[in-house]
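Have the sequence and the 3D view ready as you read.

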Amino acid sequence: MVPQSAPQALRAGHVFDGSQAHGPGIVLVENGLIRDVDLTGSVPPEHATVTDFGPDAWLLPGLVDAHVHLCWDAGPDAVDHVANGDSGALLDTARAAATTALHTGVTTVRDLGDRDYLALALRDQMPPTQRPEIVAAGPPITTRGGHCHFLGGEVEGADALREAVRQRAERGCDVVKVMASGGNMTPGSSPLARQYGLAELQLIVEEARRHGLSTAAHVHAAEAIGDVLDAGFDTLEHFSFLTADGAGLQHDLLDQVVQRGTFVSLTLGYLQGGELPSALAARIDALIDVMAKVVASGARIVVGTDAGIEPGKPHDIFPHALAQLAQLGMPAAKVLRSATAEAAEAVGLKGRKGVLRPGADADLLVVGSSPIADLGAITDIRAVYRAGNRLPRDDRA
Ligand SMILES: [Zn+2]
């Protein structure tokens, strides 16, 4: 990283600090960190380099996508490629995915399923200023032949599960991802079936905590949702309450989620006009009904796009996901909080990401108009800063 000689003062007519909106402000950035946030309208310090984005611009924290798959290319054969491609090709895919996400204003991603720990390799190889912060799970822990087994995380039995968690900690993973139920994209796997018993899920959480790792559970069916709640997972991925012919919310489980303050990572973001996978298409109305009720419940919600897994989910899908969360009934200011400060907490980076406050990383997004008046403004990007460095203009085709 090029050392910055003078602090930069970024000025805009409006500031969203990760929690609420303010009038004009100056964010002072030095050595990759936010040194000061001045909302008093005073002049920037004399020695600072000033960039003024104008009275209509909004300064906000960079966005946090709580659930992506960097190694997956979002093509029609994404599963085949990630299962059988060589590591070099997957790393190229991941590098392109990281670049794309960053140019969308997503400055932190949580990768919840790679192969061969390639998200960690990417984190080592790519300069931080050219990619989002990567919170990584490595290969998800799954049963033999279970959901996404082709990523290499098949583990069964108490001792092997403990060892798998230890291995992820030693490699440098931040979070342990467990396939607690089956999923749609793996032949032979059913989202309605549990993959592990409660005792196994509990020991995974216990071992993860011992090593300072957080925990994320992939869950669709209600039975599995009950188990992962009891086991104490930090984030619940999908949380769809899928049934044989649709989806059916269980209010007692949702009440528990609200009471415990467990984060729900709703899977949102799908290209309009894209064709939904058949399992999803048949259940889409029921799923939307479940998600709207989850939004209305007051549960702590973050957005996970599952970017990469299929053609409807390219690595620049995050703004679409935010629009969909608003359509489910969440006010724009709350959507922004969910995508910044709340998501940062959910992925284990509370206070360091998702907020404009002294000491936080200088990961910032500048847009041309109010995203609170119209969330679509989130795509009207004037600048993205990662660790205090402004991204060069996106001149890709
Ligand atoms: Zn996923």
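## Ground rules

Helices (H or I, at least four residues) and strands (E, at least two) are DSSP runs, numbered from the N terminus. This is a predicted model, in which local features need pLDDT of at least 70 and side-chain atom pairs count only at pLDDT 80 or more, while totals for chains, interfaces and linings use all residues. Residues are numbered from 1 along each chain as its sequence is written, and side-chain values use heavy atoms, with hydrogens and water left out.

## The largest pocket

A pocket and a cavity are both found on a 1 Å grid over the protein atoms alone: a pocket is an open set of points with protein on both sides within 12 Å along at least five of seven lines, a cavity is a set where a 1.4 Å probe fits but cannot get out, and lining residues have an atom within 4 Å of a point. Grid points are joined across faces, edges and corners, and a volume is the space filled by probe spheres set on the points.

The largest pocket has a volume of about 830 Å³. It is lined by 37 residues, and those closest to its centre are Thr-267, Tyr-270, Leu-280, Glu-310 and Lys-313. Which element gives the largest share of this lining? It is H9, with 4 residues. Strand S11 (175–179), helix H8 (278–281), helix H9 (284–297) and H10 each supply at least two lining residues. Sorted by class, the lining has 18 nonpolar, 15 polar and 4 charged residues; here Ala, Val, Leu, Ile, Met, Phe, Trp, Tyr, Cys and Pro count as nonpolar, Asp, Glu, Lys and Arg as charged, and the others, Gly among them, as polar.

The largest cavity holds about 60 Å³ of space, and its lining includes Asp-65, Val-68, Thr-305 and Ala-307. Two or more lining residues come from each of S8 and strand S9 (106–111). The lining divides into 8 nonpolar, 2 polar and 2 charged residues.

## The zinc site

Which residues hold the protein donors of the zinc ion? They are His-67 (NE2), His-69 (NE2) and Asp-306 (OD), lying 2.1 Å from the ion. Donors are N, O and S atoms within 2.8 Å of the metal (3.2 Å for Na, K and Ca); water is not among the atoms, so sites may look incomplete.

Along the chain, the donors follow the spacing H-x1-H-x236-D. His-67 sits in strand S8 (residues 63–68) and Asp-306 in the loop between strand S15 (300–304) and helix H10 (318–327), so this pair links distant parts of the chain, 239 residues apart. His-67 counts as buried at 2% relative accessibility, and Asp-306 is buried too, at 8%. Buried means under 20% relative accessible area, exposed over 50% and partly exposed in between (1.4 Å probe, protein chains only).

## Aromatic pairs

The whole structure has 2 aromatic pairs. Rings of Phe, Tyr and Trp (its six-membered ring) pair if their centres lie within 6.5 Å; planes under 30 degrees apart count as stacked, over 60 as edge-to-face and the rest as tilted.

Trp-72 and Phe-150 form a tilted pair, 6.0 Å centre to centre with 55 degrees between the planes. Trp-72 lies in the loop between S8 and helix H1 (78–84) and Phe-150 in the loop between strand S10 (133–136) and helix H4 (158–171), so the pair ties together parts 78 residues apart in sequence. Phe-239 and Phe-241 form an edge-to-face pair, at 4.9 Å and 75 degrees.
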